[in-house]
Amino acid sequence: MEKLYNISIFTENSVGMLNRVTIIFTRRHINIESITASESEIEGVHRYTIIAKMTEDQVKKVVGQIEKLVEVLKAFYHKDEEVVYQEIALYKIPVSVLMNNMDAENIVRSHHARILSVEPEFAIIEKTGHAEELKLLFDELKPFGILEYVKSGRIAISKPMKTLETYLEEMSNN
Amino acid sequence: MSTQIRGAEVVMKCLVAEGVSTIFGYPGGAIMPIYDALYDFRDTVTHHLVRHEQGAIHAAQGYARTSKTVGVCFATSGPGATNLITGIADAMIDSTPVVCITGQVASHLLGTDAFQETDVIGISMPVTKWNIQVTRAEDIQPALAKAFYIARSGRPGPVLIDITKDAQFGLTEFEYKPFGEIRSYNPSPKLDVEAVKKAAELLNSAKKPYLLVGQGIILSSAEKALVEFAEKSGIPVASTLLGLGAIPANHPQYVGYLGMHGNYAPNVLTNDCDVLLGVGLRFDDRVTGDTSRYAKQAQIIHIDIDKSELGKIVDTKIAIHADANEALQELTKWIEPKKHDQWIQQFRDLEAIEDEQIIQNVIHPVKNELKMAEVVHKLSEKTDGRAIVVTDVGQHQMVTSRYYKYKESNNNITSGGLGTMGFGLPAAIGAKLGNPDKTTVLIVGDGGFQMTIQELGTILQSKVDVKIIILNNNFLGMVRQWQQLFFEKRYSFTDIVNPDFCAIARGYGLEAVKIDERDQLDGALDDLLNSKGAYLLEIVVEQEENVFPMVATGASVSEIRLS
């Protein structure tokens, strides 16, 4: 059965790494739902969070192929319940909405969103949460007019306590 | 004060430091500084000028496989580099260590659609084990050292280094530092002895244990360990296409060749064994047939150096991520000495059926046109199964793998995973140069020969002693066979009008002979083998001969057809 998997990949920070990783998905006709790349807790090691829908058998093999890449240190896959994850969205709305409309203010409050910036013509609202929560705020703001909307990919941290450094030590001991 | 040298010279010094003595290549604009540096290294490094870059990479592959070193090729940017791609993909899937060095436009022109600029890093990314673009002279040495390390370690494979022209011209200090290690890459996994013990227990309690071996045996030089393990355990051994020669074909426990056109017994009994031990193979679909009906009754133990192969195709009871040689030696310690005579007899009984229904008819035919199998059988006898035999792809390849009885390792050079027509001739050139003391015979079809026929020019110029046998059936025979069996004999563009191969060969300075009669065969093969220098023997064979047995697509290995 297909479901969303959280794939965490730790790589060296070299040119073209993201391409090396994504072509593994492309070749198997797997669509990437979201992708985020950033630094990790270890200097020089980059971390990708990739969300994609596939079967467990597929994800096992995809992770195997990713780990096979010379410059990948380690790759993991997790189901949603095995990770803590978050996304962030920014909503640009006309500033008049906030000025004139109590509902809009209530919506922002009840969603625990925050106002990042207010300019003469627009305001930027920020919300973090799961995709559904971000979408809910989007739906509620929509009647007031959303000028722009952008959402990040998911970032996820796994619940198991083993650190990447432990894995690296194990690898170098082997 | 240290002196500075050009990046191009660094390339040459690195190659010498890595022990490279042979390069296959073709010059062009973006690699000219390297060729200029090569000019000063003519005494230490032999460069063979190929006639097309595809020839360079296939020759490097053949060279790597017979010399057991890393093959090296040079090509220029753009079309030079893209012409390498087929061979790189071939080397990737067949685990052949090759380092490709391509020239690239100057770094300030990257991304500008400059003359002969192509994104070879992007293009080659999915088919290389690793690749890198170098834009500064000082980065050449570490990149090359890393390239050789990656190409030859773990599961070997092709590596490409793209060097911009300004990096080749740039000045830098040179000190050779061999590559140490990469923290993200572990080519020598520590053997899990507990897993090996468990595997031994499983095998010790098995009634019908069965050992399948692949090229991993050859790549890890585990031939001796394999024979010792086999002889102590008494387990029958079958081989994949690329594993042929890992165990001598005349070994009493060798039961044959696996896969689509392999032998009857080893395919059928895959679905009868109780413990299946696979070492250094990847359970390719040409070996397994329908995987949902592949060895389902058996408990599978899989040993491979590439962790991603474990569990990729077949479900394993015990997976051992290890070097084949090391794992087999350890396994031999824990295996109980046994004989499995009755079980091996089951193979021999089925072998007799194949022998009667197929083999005898094709190796000793008495009437009609010559058959491919009788040619290969005779060649096998005349060379005592000890020649380097290179093939192209198609019917002649399957016939060669069936009827050439490889008694030695590193002698079977063929394009397995990718099935690259045109591989044969250039690979044979490399194979001969990689082990010049051995007779090297190329068996090639009339179709594949024409895909890289221009490499006769390399034979001419470099005086490479390759014995060429064209098995000419005037058809693209394997596709024609499939059209006959699965497409109602609709021979869509498989009949091929051929040139006068002998005249072409003579044009390139080769001796060439054509035969079409059975009574000419013996003498013609003798003449070929006794000839001095390169020689071409064209043998006209039966037009519409089919290769059997055959596991049809979608069938199970035990449904292998004898006709």
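Mentor: Happy to, and we'll take the chains, their contacts and the cores in turn. Keep in mind that this is a predicted model.

Trainee: What ipTM and pTM does the model score?

Mentor: The ipTM is 0.91 and the pTM is 0.96. For chain B, the pLDDT averages 97, and 100% of the residues score at least 70.

Trainee: Let's start with chain A. How many helices and strands are in its secondary structure?

Mentor: Chain A has six helices and nine strands. Its radius of gyration is 20 Å, well over the 16 Å that the globule rule gives for 174 residues, so chain A is more spread out than a compact globule. The C-alpha trace of chain A spans about 65 × 35 × 30 Å along its principal axes.

Trainee: And what percentage of chain A counts as buried?

Mentor: Of its 174 residues, 26% count as buried. If you take the contacts in chain A with a separation of 6 or more, 75% of them come from residues 24 or more positions apart.

Trainee: OK, chain B now. How many helices and strands there?

Mentor: Chain B contains 23 helices and 20 strands. The radius of gyration of chain B is 24 Å, close to the 24 Å from the globule rule for 563 residues, so chain B is as compact as a globular protein of that length. Its C-alpha trace spans about 75 × 60 × 40 Å along the principal axes, and buried residues make up 56% of the 563.

Trainee: Where do the two chains touch, and how many residues of each are in contact?

Mentor: On the chain A side there are 19 residues, in contact with 18 residues of chain B. The elements of chain A that each supply at least two residues to that side are α1 (17-27), α2 (56-68), β4 (72-78) and α6 (164-173).

Trainee: Which of them gives the most?

Mentor: That's α2(A), with five residues. By type, the side of chain A that touches chain B divides into six nonpolar, six polar and seven charged residues.

Trainee: Switching topic: which domains does the assignment give for chain B?

Mentor: It gives domain 1 (4-173), domain 2 (193-347) and domain 3 (364-540). Taken over C-alpha atoms, the centres of domain 1 and domain 3 of chain B are separated by 30 Å. Their contact takes 25 residues from domain 1 of chain B and 27 residues from domain 3 of chain B.

Trainee: What does domain 1 of chain B use on the side that touches domain 3?

Mentor: β2 (22-25), β3 (46-49), α3 (53-67) and α5 (85-93) of chain B each supply at least two residues. Of the elements on that side, α3(B) gives the most, with eleven residues. The residues of that side of domain 1 divide into eight nonpolar, twelve polar and five charged.

Trainee: How many residues does the largest nonpolar core have?

Mentor: That core has 198 residues, and those with the most contacts inside it are B:Val11, B:Cys73, B:Val99, B:Ile161 and B:Ile469. Helix α7 (residues 140-152) of chain B gives the most to this core, with eight residues.

Trainee: Which residues is B:Cys73 in contact with, leaving aside its neighbours within four places in sequence?

Mentor: The contacts of B:Cys73 include B:Ile23, B:Phe24 and B:Gly25, as well as B:Ala56, B:Ile57 and B:Ala60. B:Leu84, B:Val98 and B:Cys100 are on the list too. Apart from that core lies another one of twelve residues, including A:Tyr91 and A:Leu137.

Trainee: A:Leu137, then: why does that residue count as buried?

Mentor: A:Leu137 has 22 C-beta neighbours inside 10 Å, so A:Leu137 counts as buried, the cut-off being 20 or more. A:Leu137 is found in helix α5 (residues 131-141) of chain A. Leaving aside neighbours within four places in sequence, A:Leu137 is in contact with A:Tyr91, A:His111, A:Ala113 and A:Lys127.

Trainee: Last one. Which residues of helix α23 of chain B are buried?

Mentor: In α23 (residues 518-530) of chain B, the buried residues are B:Ala524, B:Leu525 and B:Leu528. What covers them includes α16 (372-382), β18 (466-472), β19 (511-515) and β20 (535-540) of chain B.

How values were computed
Residues are numbered from 1 along each chain as its sequence is written. Chains are lettered from A and ligands numbered from 1 in the order in which they are written. This is a predicted model: local features need pLDDT of at least 70, side-chain atom pairs count only at pLDDT 80 or more; totals for chains, interfaces and linings use all residues. Helices (H or I, at least four residues) and strands (E, at least two) are DSSP runs, numbered from the N terminus. The radius of gyration is taken over C-alpha atoms; the globule rule is 2.2 Å times the number of residues to the power 0.38. Two residues are in contact if their C-beta atoms, placed from the backbone, lie within 7 Å. Ala, Val, Leu, Ile, Met, Phe, Trp, Tyr, Cys and Pro count as nonpolar, Asp, Glu, Lys and Arg as charged, and the others, Gly among them, as polar. Domain bounds come from an automatic or database domain assignment. A nonpolar core is a set of buried Ala, Val, Leu, Ile, Met, Phe, Trp, Tyr and Cys residues joined through C-beta atoms within 7 Å. pLDDT is the predictor's confidence in each residue, from 0 to 100.
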